[in-house]
Amino acid sequence: MKEYIINAPQLQSLRKRISALLVWVVCWIMWIYLLVPLVTLSSWVLGDKNMINEMRWFGGYKSLLELMEIYVVTLLVMAALWLCWVLYRTLRSRVMHPSAHKVVNDAELCAFYQVKTGELQQCRDAAMITVYFDDHGHIVHLDPHINR
């Protein structure tokens, strides 16, 4: 059996691949941004001499508290932006793509997926099915296994 279809990036559009790469980069930048203050704080608490001198240079714990305040505000802003994005996408999907209650019969289903009616019925009766795809993501073969 070939690779699973989900591991076939050639089936994704260029826009989706670039978007996924951009999201990956942004997430790693955010992760690093969130870890740097924790590493600094850990070094200071554990007694690293260089870090203690640096903390004195920047104003000690009062400066640290100010930085932590900025840190918390930044996290809240990021969370608010994320929630706004989720709400926007949810509302947009409902407005742009209202749920259609189109009834599809078996003939239309078989024509869309290019399978035979007998194979469709066998797959409905089976508890487990293996679906084989070609390099373009089209169904090549259906293999129903265990009957109910």
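Q: Does Leu 120 count as buried or exposed?
A: This is a predicted model, in which local features need pLDDT of at least 70 and side-chain atom pairs count only at pLDDT 80 or more, while totals for chains, interfaces and linings use all residues. Residues are numbered from 1 along each chain as its sequence is written, and side-chain values use heavy atoms, with hydrogens and water left out. Buried means under 20% relative accessible area, exposed over 50%, and partly exposed in between, for a 1.4 Å probe and protein chains only. Because its relative accessibility is 13%, Leu 120 counts as buried.

Q: Which residues does Leu 120 touch, not counting those up to four places away in sequence?
A: Leu 120 is found in helix 5, residues 117-125; helices are DSSP runs of H or I of at least four residues, strands are E runs of at least two, and both are numbered from the N terminus. Contact means heavy atoms within 4.5 Å. Beyond the excluded sequence neighbours, Leu 120 touches Asp 106, Leu 109 and Cys 110.

Q: How far apart in space are Leu 120 and Cys 110, C-alpha to C-alpha?
A: Cys 110 is among the residues that Leu 120 touches. The two are 10 residues apart in sequence, and their C-alpha separation in space is 7.3 Å.

Q: What is the relative orientation of helix 4 and helix 5?
A: Axes are lines fitted to C-alpha atoms, for helices over the stretch in contact, and angles run from 0 to 180 degrees between N-to-C directions. Helix 4 and helix 5 pack at about 100°, with axes 10 Å apart. Angles under 35 degrees count as roughly parallel, over 145 as roughly antiparallel, 65 to 115 as roughly perpendicular and the rest as oblique. Helix 4 is therefore, relative to helix 5, roughly perpendicular.

Q: Are helix 1 and helix 3 roughly parallel or roughly antiparallel?
A: Helix 1 (residues 14-45) packs against helix 3 (residues 60-96) at an angle of about 160°, with the axes 12 Å apart. The two helices are therefore roughly antiparallel.

Q: How many charged residues does the contact of helix 1 with helix 3 have?
A: Helix 1 contributes Met 30, Tyr 33, Leu 34, Pro 37, Leu 38, Leu 41 and Trp 44, and helix 3 contributes Tyr 61, Leu 64, Tyr 71, Thr 74, Leu 75 and Met 78. Ala, Val, Leu, Ile, Met, Phe, Trp, Tyr, Cys and Pro count as nonpolar, Asp, Glu, Lys and Arg as charged, and the others, Gly among them, as polar. By class there are 12 nonpolar residues and one polar, and the number of charged residues is none.

Q: How far apart are the end C-alpha atoms of helix 3?
A: The expected span of a helix is 1.5 Å times one less than its number of residues. Helix 3 has 37 residues and so should span 54 Å, which agrees with its end-to-end C-alpha distance of 53 Å.

Q: What pattern does the protein chain follow along the sequence?
A: The protein chain has five helices and two strands. Read along the sequence, their order is α-α-α-α-α-β-β.
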